[in-house]
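Have a look at the model, try each task yourself, then walk through the solution.

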Amino acid sequence: MAMSIMSKMDGIKTLLNTSLERSRALSMELDKTGPRLEQIKQRLPSLVPMENCSFVAVRHQIDGVIGPASALLKVFDVVLELQESLLSEPFSDLFNYLSLVKQLEEAMKFLADNCRLTIQWLEGIFEALEGNPGIDDRYILNVKKPLRILQELQDTDVCSRLEGGVLFEALEKLEAEFNRLVTENTLPFALIDSPTNQANRIAPSLMPVGVMHKLQAIIRRLKANGRLENCISVYAQVRSSNVRASLQVFDLEYLENSISEFDDVQDIEGSIDNWCKQFELVVKNLFEPEYKLCSDVFDKIGSDVSMSCFAKIAVQSGILSFLRFGKNVTESKKDPTKLLKLLDIFAVLNNLRVDFNRLFGGGAYGEIQTLTRDVIKRVVNGACEIFWELPIQVEIQRKTSPPLNGNVPMIVSFVTDYCNQLLGDKYKATLTKVLVIHQSWKQETYQEGLLASQIFNMIKEIALNLDAWSSGHQDVTLSYVFMMNNHSHFCNLKGTKLGEMLGSSWLRAHEQYKEYYAGLYMRESWGKLIALLNLQDGQKSNTNNNMKRLKAFNEAFDCLYKKQSNWVVTDIDLKEKICKLVVQAFVPAYRNYLKSYGLLEESKHVKYSVQSLENMLSSLFEPKLSTRQVHFIGKIKHVVTHLMLTTVT
């Protein structure tokens with residue numbers, strides 16, 4: 001097309017040769033900065049009706065348009081030179097290349113605008129000549145020919161922007177250079193999956209200043225040509241890919257779990273813990289620097305552009321997957337453990353509140369904002385719903401059976417440990433904040449002591465459960481051991497958050513109850529057996545009665561010991577104390593019995609020596625290993641011994 005236009009330009013040059021000198025002044029003016037369009041308008045005469053104009057008048061108006069037309073030819077020569085220069089690659093001298101592109105844009109805009117004005121003028125002359133019978137056809141042809149050429153020249157700007165056009169290709173090269181600069185200056189962030197080591201929060205190196213200036217210059221040029229969105233897409237694609245590559249240090253498969261896999265929070269506690277640690281790390285160590293870098297790159301264009309770009313990076317990097325995981329957790333079954341996990345999630349979101357407002361506070365982050373608000377709402381509502389039902393959940397356990405060995409029920413240990421967690425430094429402030437928020441949503445004021453009151457209610461239900469479970473034991477002695485164990489468990493709360501809340505008088509009461517039930521156990525259990533050893537008048541010389549009495553004692557002792565050998569006392573100090581009391585009460589009586597009736601410990605009628613009996617009583621309430629457990633421990637010892645011998649060899 002360029003060669004065709006050049007051929008046609010030769011005709012125009014011949015036609016206007018006589019007026020070239022006059023056009024040089026105008027050409028010089030075109031090279032100056034300023035409103036060139038206004039200069040051309042000033043040189044062109046006003047259009048006037050020409051139907052009755054004389055040939056001399058028409059020729060005068062033809063001469064008036066010669067200067068602008070000649071100037072257009074000069075500008076087109078410049079366009080051809082610029083096109084030749086833009087065949088090179090921009091990376092060799094980017095800023096010079098950008099300058100050439102800008103000059104080409106201005107030259108072609110000048111051509112398009114002024115061709116239009118000149119064409120309008122020639123069209124008026126052509127109409128006047130064509131309607132004047134006194135005008136030679138030669139003059140009409142000489143006007144018609146440049147008119148057609150200028151009309152084609154007017155499309156130069158449009159054609160250059162179409163695919164295959166010189167400006168199109170130049171802008172494509174700039175986009176490619178933009179992509180290259182961003183890609184070559186993008187490296188994965190150095191992240192370490194560590195929950196506590198703040199030194200691992202390594203700030204990434206920003207792009208070199210020189211690269212930043214190049215990117216900003218390319219963005220301005222592409223924006224001027226309506227290609228800003230291309231810049232945003234390219235930048236977002238490269239940088240979001242980099243964030244995803246940086247995240248490979250973490251195992252994030254859990255983020256893709258289906259909702260059905262969230263039925264039981266206990267099954268995904270580890271995933272929730274990872275989420276809490278990793279999400280905060282990702283926001284502060286990845287999205288924070290990405291936000292700053294994005295703002296710097298698009299700084300000259302406007303904050304709305306940088307926000308739009310960063311929104312793409314955040315979404316494409318997977319921030320929505322992190323938020324959806326939190327949402328899925330809220331949809332799992334309700335249980336006390338879930339409350340703690342919801343508080344963990346809320347604590348992370350609350351810690352990131354300032355960061356989120358800064359990073360995702362604009363209008364470009366609608367999807368992120370909506371999902372974040374939804375997660376927070378679900379977490380707060382879900383946590384409060386579980387919190388208010390805690391006493392009910394404890395009461396429901398009343399229908400279950402107590403441990404057959406007199407041990408502290410798991411629900412008792414769980415509740416006291418659970419209450420200590422709620423009152424501890426990790427959860428108390430968070431739970432209080434959640435309750436305050438939830439109350440405000442209901443237009444209610446949070447009352448101080450709300451948390452303590454609810455925990456009191458839980459402990460009250462536990463006490464009622466213990467009374468019910470104790471009554472469920474058919475063996476009254478076992479019920480005493482059961483109550484002794486549980487009151488001892490409550491005594492051990494001294495020094496804990498729960499113990500401090502319940503108070504010293506509450507703890508002293510349970511200490512008294514522990515001693516009370518220990519006394520009942522001693523009297524009901526061993527008191528009756530000791531009665532068999534009491535000396536009775538008239539029996540000292542009756543050997544037959546003595547043997548019967550000793551046999552009855554052995555049978556009663558065996559039965560009692562066998563039964564109680566399966567019972568446990570969880571508190572070590574209490575176990576040692578009870579065993580010591582039993583030994584002190586029983587062994588001297590047994591020794592005295594044998595001595596009083598002249599029974600030797602070696603006698604076949606004496607089943608237990610004083611020492612063996614003392615040993616047996618001292619080992620009461622100790623967990624007994626099953627045959628399978630003993631066999632398994634034996635295998636472990638054999639393997640360890642073999643490894644040690646092999647190492648020595």
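**Exercise 1.** In which helix do Asp296 and Lys292 both lie, and how many residues apart are they?

Some ground rules before the solution. This is a predicted model, where local features need pLDDT of at least 70 and side-chain atom pairs count only at pLDDT 80 or more, while totals for chains, interfaces and linings use all residues. Residues are numbered from 1 along each chain as its sequence is written, and side-chain values use heavy atoms, with hydrogens and water left out.

- Step 1: Find the helix. Asp296 and Lys292 both sit in helix 11 (residues 269-297); helices here are DSSP runs of H or I with at least four residues, numbered from the N terminus.
- Step 2: Get the spacing. The two are four residues apart, about one turn of the helix.
- Step 3: Check the contact. Asp296 makes a salt bridge with Lys292, with the closest N and O atoms 3.2 Å apart. The term covers a side-chain nitrogen of Lys or Arg within 4 Å of a carboxyl oxygen of Asp or Glu.
- Step 4: Asp296 is partly exposed at a relative accessible area of 25%, and Lys292 is partly exposed at 44%. For the cut-offs, buried means under 20% relative accessible area, exposed over 50%, and partly exposed in between (1.4 Å probe, protein chains only).

**Exercise 2.** Work out which parts of the chain the salt bridge between Asp425 and Lys497 links.

- Step 1: Take the distance. The closest N and O atoms of Asp425 and Lys497 are 3.9 Å apart.
- Step 2: Asp425 is in the loop between helix 17 (410-423) and helix 18 (428-441), and Lys497 is in helix 21 (residues 497-502). With 72 residues separating them, the pair links distant parts of the chain.
- Step 3: Asp425 is exposed at 72%, whereas Lys497 is partly exposed at 37%.

**Exercise 3.** Is the phi of Gln443 positive or negative?

- Step 1: Recall the background. Most residues other than glycine have a negative phi.
- Step 2: Read the angle. Gln443 has a positive phi, near 60°, and is not a glycine.
- Step 3: Locate the residue. Gln443 belongs to the loop between helix 18 and helix 19 (450-471), and is exposed, with a relative accessible area of 73%.

**Exercise 4.** How many salt bridges does a search of the whole structure find?

- Step 1: Count. The search turns up 26 salt bridges.
- Step 2: Look for a network. Salt bridges link Asp273, Lys341, Asp344 and Lys426 into one.
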